[in-house]
Amino acid sequence: MENIDFDIAIIGAGPVGLALARALDRMPGPLPTVALFQADHPQMHNPASDTRVLALNHGSRVFLEQMQGWPDHFSPIRTVHVSQKGRLGRTLISHTDFDVPALGYVVPYRAIAARLHEQVNEGRTTRLAGAPATVTSRTTDGAASISQNGKTYRARIVVQCDGAKPDTRLRDYNQHAIITSARAELPRSDWAWERFTREGPLAVLPHPVFTDAQSIVWCTTPARARALLAADEATFSRALSEHFGDRLGPLTVLESRHIFPLALSVSKNTVDDRIVTIGNAAQALHPVAGQGLNLGLRDVGGLMGALQPWLLNPHQDPGPALRAFAGARRADRNITRQLTDLMPRVFTTGNPLIEHACGLSLLALDLTEPLRRPLARHLLQGYRN
Ligand SMILES: Cc1cc2nc3c(=O)[nH]c(=O)nc-3n(C[C@H](O)[C@H](O)[C@H](O)COP(=O)(O)OP(=O)(O)OC[C@H]3O[C@@H](n4cnc5c(N)ncnc54)[C@H](O)[C@@H]3O)c2cc1C
């Protein structure tokens, strides 16, 4: 006897796991049985209290809108200004270069998670919450086993959307991101700044809720991040204004500060028999250029496409569909990972020659349309083959 509980078990209810559950629930035709395993544990990450803001591209917005997962509050980015602290080079990227209404949108992580939660709760997905779920055995008799709260479930396919793991860590960037927001004396709506410094990149983004405020993602050394976290508001605001420069006038911190340690994690094999890994569980990137969730949502889209034939008959072996998925996603994952891995490191070498070369390359990017377009297009849309 087959003794299967679910066609698909999704582990992890971050934005990627939720988006996949929602996409499976909206499919035309016979719906697969789906379970979403969520960790409700004080020591686990809780999407509802995550303070991150995310820059998402147009493709991610369209996808989330189709899932009814797009939040009410967001801010468009129409111009991106890229510069290097202490050097001349800079480049400007405008939405008019690409004939799109916006280069991207700033949205709160928890608003996306909350919206998708609501949608998934209204659908047919079985929600299983409690202790972190574990995949207990790879495959026996056409299924993989998952344990949670002392119970074991069997699923034909397991999709791991449970975020980055210590054992897939490839690089510690020796940087922490401080997330907060600040009010600018001379606010400029729709503009985003990415400023490369010797400590790490500083992103100043339009705030998704307050029109006269900016969201701040300040990457710096762990020691400085801890000092900045402990500093009083006036000291923090002065340090931020000095670090960013005077383009927006003095900046005054608005909200509490939170720290995220930054590392690159990459899972070598995204498919192991009936177990497939997507989103941050497959690759967790440096937040420079805001690529992680955009890439994770493309994983969801790619997996949905690859599974279509199998979903018509879930009794068949999903191996060919899963291997086709892994192959089709390889180039996008590699290019995005290499770009976001290089960018935060190349400006922090402390070597004046390299820094000067980087400044010149920003200038070259600004002056040379054929160079600027492919880079910006990849960051905007991801890999298209
Ligand atoms: C500072 C910062 C800024 C960023 N900015 C951007 C940006 O501008 N644009 C962008 O696209 N991306 C950005 N990212 C990346 C983005 O946040 C991630 O790519 C995205 O959150 C990945 O979603 P996910 O669902 O795969 O993983 P996660 O968000 O990590 O969610 C995974 C969930 O799985 C749960 N889980 C873990 N283990 C288990 C288990 N065993 N059982 C059940 N549940 C489990 C966790 O508790 C967690 O809630 C940024 C990241 C950081 C750190």
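A polar contact is a pair of N or O atoms within 3.5 Å; within protein, one atom must be able to donate a hydrogen and the other to accept it, and residues adjacent in sequence count only if both atoms are side-chain atoms. The model shown is predicted, with local features requiring pLDDT of at least 70 and side-chain atom pairs counting only at pLDDT 80 or more, while totals for chains, interfaces and linings use all residues. Residues are numbered from 1 along each chain as its sequence is written, and side-chain values use heavy atoms, with hydrogens and water left out.

**View A. The protein chain as a whole comes to ten helices and 20 strands.** Helices (H or I, at least four residues) and strands (E, at least two) are DSSP runs numbered from the N terminus. Of the 385 residues in the chain, 54% count as buried, where buried means under 20% relative accessible area, exposed over 50%, and partly exposed in between (1.4 Å probe, protein chains only). Contact means heavy atoms within 4.5 Å; among the contacts of the chain with a separation of 6 or more, 75% are between residues 24 or more positions apart. The accessible surface of the chain is about 17100 Å², and carbon and sulfur atoms account for 54% of that surface; accessible areas come from the Shrake-Rupley method with a 1.4 Å probe, and for residues only the protein chains shown count as cover.

**View B. Helix 6 spans residues 233–244.** Its twelve residues reach 16 Å from the first C-alpha to the last, close to the 16 Å expected at 1.5 Å a residue, the expected span being 1.5 Å times one less than the number of residues. At the N-terminal end, helix 6 is capped by D232, a side-chain oxygen of which lies 3.2 Å from the backbone nitrogen of A234; after helix 6 comes G245, with a positive phi near 95 degrees. The buried residues of helix 6 are F236, S237, A239, L240, S241, H243 and F244, and their cover includes strand 12 (169–184), strand 13 (191–197), strand 14 (200–206), strand 15 (213–220), helix 5 (222–230) and strand 16 (251–253).

**View D. Helix 1 is mostly covered, with eleven of its eleven residues buried.** These residues include P15, G17, R22 and D25. What covers them includes strand 1 (6–11), strand 2, helix 2, helix 4 (109–122), strand 11 (151–160) and helix 7.

**View E. R61 is a residue of helix 2, which comprises residues 58–66.** R61 is buried, at a relative accessible area of 18%. Apart from residues up to four places away in sequence, R61 touches W70, F74 and Y105.

**View F. S267 and D317 are both loop residues.** S267 is found between strand 17 (258–266) and strand 18 (271–272), and its relative accessible area of 10% is why it counts as buried. Beyond its neighbours within four places in sequence, S267 is in contact with T168, T277, A281, A282 and R333. D317 lies between helix 7 and helix 8 (319–346), and it counts as partly exposed because its relative accessibility is 48%. The side chain of D317 reaches the backbone nitrogen of G319 at 2.8 Å, and, leaving aside neighbours within four places in sequence, D317 is in contact with R274 and W310. The C-alpha atoms of D317 and G142 are separated by 7.7 Å, although these residues are 175 residues apart along the chain.

**View G. N174 and D190 have positive phi values.** N174, a residue other than glycine, has a phi near 55 degrees and lies in strand 12. D190, which is not a glycine either, has a phi of about 75 degrees and is placed in the loop between strand 12 and strand 13.
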